[in-house]
Amino acid sequence: MTVESDTYRPRRSVLYMPSSNERALEKAKTLPVDSLILDLEDAVAPDAKDAARENACAAARSGDYGRRELTIRVNGLGSQWHDADLAAAAAAGPDAIVVPKVGSADEVRALVAAMEAAGAPARTRLWAMVETPVAVLHAEEIARASSRLACLVLGTNDLYKELGASFAPGRAAIATSLQLVLLGARAAGVAVLDGVFNDVSDAEGFHAEARQGRELGFDGKTLIHPAQVGPANEVFAPDPGQVDDARAVIAAFEEAQAQGRGVATLNGRLIENLHVDTARKVLATAEAIAALS
């Protein structure tokens, strides 16, 4: 099956919503979030799994979520709910199906085969959650395993548990893991999302961790509370100064080229092709965010 080609879409804020909570699903229609993960896994009690599955699939079919990217997180491979979740989600045709604890390229290929057997449309992509040491060490292989895979998602809570590491500001204990997953995603040309910040009452701590994720190179951050949406959108978007600078970089380089020069200077800075590529990405990001408004 041919998978639809990727076009850039912002994923600054990616909010988990429990699909067993119909009020939460209704509220999600009004939030300024880029993407939603309608959760069938951790946020849903065992006796609510079937209802959550029905709710998430109905939401995916509804068309009521506007420009928001709508994904469904199924229960993991090997769980008693996985097969039914995956088949139902594939038939519902969300923007993506999110699978927890993906550990290998073979698992990706098996998931894609199951999606296609269940009739997933070409627009429905696979997001693989990276939550274990094995997955971190094989991030590039996982990211390259299928053209249907569009995004790696860090599951930092499980990663801390698997490593036996302690939570602390700055995330030193998982810094290597974050960077390895970023390297794997970028080498494969797929998007990559930072993990969640657990303390919803610590706005300053959230902002610091989101800023760290942005500086490392993540496309956005997964979230557990609507109050985190606005700060994530702000941190992962180019600010007006960056947009103005990007335009100036492009203009300076185009002027230099018109004069037969291969490099330019702007306020004392050397401008080469790579700087222009970065500037164009900034403008493309800003334009894509503006289109969501």
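Here are a few friendly notes on the structure above, point by point.

1. **What you are looking at.** This is a predicted model, in which local features need pLDDT of at least 70 and side-chain atom pairs count only at pLDDT 80 or more, while totals for chains, interfaces and linings use all residues. Residues are numbered from 1 along each chain as its sequence is written, and side-chain values use heavy atoms, with hydrogens and water left out.

2. Two strands pair if DSSP finds at least two bridges between them.

3. **One pair up close.** Strand 4 (residues 96–99) runs parallel to strand 5 (residues 125–130), with 4 bridges joining them. In this pair, Ala96 stands opposite Arg125. Contact means heavy atoms within 4.5 Å; axes are lines fitted to C-alpha atoms, for helices over the stretch in contact, and angles run from 0 to 180 degrees between N-to-C directions.

4. **A residue of helix 8.** Leu180 is found in helix 8 (residues 175–188). Is Leu180 buried or partly exposed? Its relative accessible area is 34%, so Leu180 counts as partly exposed (buried means under 20%, exposed over 50%, partly exposed in between, with a 1.4 Å probe and protein chains only).

5. **Two positive phi values.** Arg171 has a phi near 55°, positive although the residue is not glycine. Arg171 sits in the loop between helix 7 (156–163) and helix 8, and is buried at 3% relative accessibility. Asn267, also not a glycine, has a positive phi of about 50°. Look for Asn267 in the loop between strand 9 (264–266) and strand 10 (269–271); with a relative accessible area of 74%, Asn267 is exposed.

6. **Asp158 and its contacts.** Which residues does Asp158 touch, not counting those up to four places away in sequence? They are Lys101 and Glu131. Asp158 belongs to helix 7 and counts as buried, because its relative accessibility is 17%.
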